[in-house]
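This report describes one protein chain, moving from its overall fold to a few selected residues. Please keep the sequence and the model at hand while reading.

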Amino acid sequence: MSKRHWPFLLGGLLVALLLAGVVSNYASSHPDGLDSSLLKGCTVNADDEITGGSCPAQQAKDHELADSPLADYGVRGIGNDFVSTGLSGVLGVLLTFALGGGLFWLARRRGPATPTASATPTTSADSADEAATPSTGTR
């Protein structure tokens with residue numbers, strides 16, 4: 001990678017870290033469209049717990065990774081929600097950046113292959129002769 005790409009890459013990483021670490025804490029806590037549609041037909045209290053009615057959300061179960069360290073947009077073991085959410089976002093960005101960078105590093109183009117023994121290198125005299133000789137095409 002050329003040196004002129006690094007400022008752009010690091011600037012993008014800095015913006016992503018800022019968004020994930022700080023701005024993500026100000027995202028809406030209200031359910032998104034899918035959650036809202038699953039709650040239709042149920043009555044919900046202030047803590048977003050179903051108190052009555054009948055809706056598809058009543059069949060919801062915990063995910064298999066619900067007890068993982070970064071589950072539910074936070075870091076387990078950190079009591080401050082603001083810090084927990086921000087740290088979770090920063091760790092997610094760094095992990096994604098590392099995986100993406102590793103994949104691009106593996107898939108990058110290598111330099112040109114070394115010439116094989118059967119290939120004959122052209123000298124500057126050969127190319128000068130070809131340039132001086134006019135090509136005559138036959139039909």
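From the N terminus on, the elements run α-α-β-β-α-α, which comes to four helices and two strands. Helices here are DSSP runs of H or I with at least four residues, strands are runs of E with at least two, and both are numbered from the N terminus. The model is predicted, so local features need pLDDT of at least 70 and side-chain atom pairs count only at pLDDT 80 or more, while totals for chains, interfaces and linings use all residues. Residues are numbered from 1 along each chain as its sequence is written, and side-chain values use heavy atoms, with hydrogens and water left out.

**Chain totals**

Of the 139 residues, 11% count as buried. Buried means under 20% relative accessible area, exposed means over 50%, and partly exposed lies in between (1.4 Å probe, protein chains only). The accessible surface comes to about 11900 Å², and carbon and sulfur atoms hold 62% of that surface. These areas come from the Shrake-Rupley method with a 1.4 Å probe; for residues, only the protein chains shown count as cover. Among contacts with a separation of 6 or more, 28% join residues 24 or more positions apart. A contact means heavy atoms within 4.5 Å.

**The nonpolar patch**

Val15, Leu18, Leu19, Val22, Val23, Tyr26, Leu70, Ile78, Phe82, Val83, Leu87 and Leu91 make a nonpolar surface patch of about 1000 Å². The elements that give two or more residues to this patch are α1 (6-21) and α3 (81-107). The largest share, four residues, comes from α3. Patches are made of residues with over 30% relative accessible area and no salt bridge; like charges are joined within 9 Å, and nonpolar side chains (Val, Leu, Ile, Met, Phe, Trp, Tyr) within 5 Å. A salt bridge is a side-chain nitrogen of Lys or Arg within 4 Å of a carboxyl oxygen of Asp or Glu.

**Helix α3**

α3 has 27 residues and reaches 39 Å from its first C-alpha to its last, close to the 39 Å expected at 1.5 Å a residue. The expected span is 1.5 Å times one less than the number of residues. The buried residues of α3 are Ser84, Gly86, Ser88, Gly89 and Val93, and they pack against α1. Serine 88 touches Leu70, Tyr73, Gly74 and Val75, leaving aside residues up to four places away in sequence.

| Residue | Relative accessibility | Class |
|---|---|---|
| Valine 23 | 43% | partly exposed |
| Valine 83 | 42% | partly exposed |
| Serine 88 | 12% | buried |

Valine 23 is found in the loop between α1 and α2 (33-38), whereas valine 83 is in helix α3.

A polar atom of the asparagine 25 side chain lies 3.4 Å from the backbone oxygen of glycine 21 and one lies 3.3 Å from the backbone oxygen of phenylalanine 82. A polar contact is a pair of N or O atoms within 3.5 Å; within protein, one must be able to donate a hydrogen and the other to accept it, and residues adjacent in sequence count only if both atoms are side-chain atoms.

Residues up to four places away in sequence aside, asparagine 25 touches Asp81, Phe82, Thr85 and Gly86. The C-alpha atoms of asparagine 25 and valine 83 are separated by 8.8 Å, with the two residues 58 apart along the chain. At the start of α3, a side-chain oxygen of asparagine 80 reaches to within 3.0 Å of the backbone nitrogen of phenylalanine 82.
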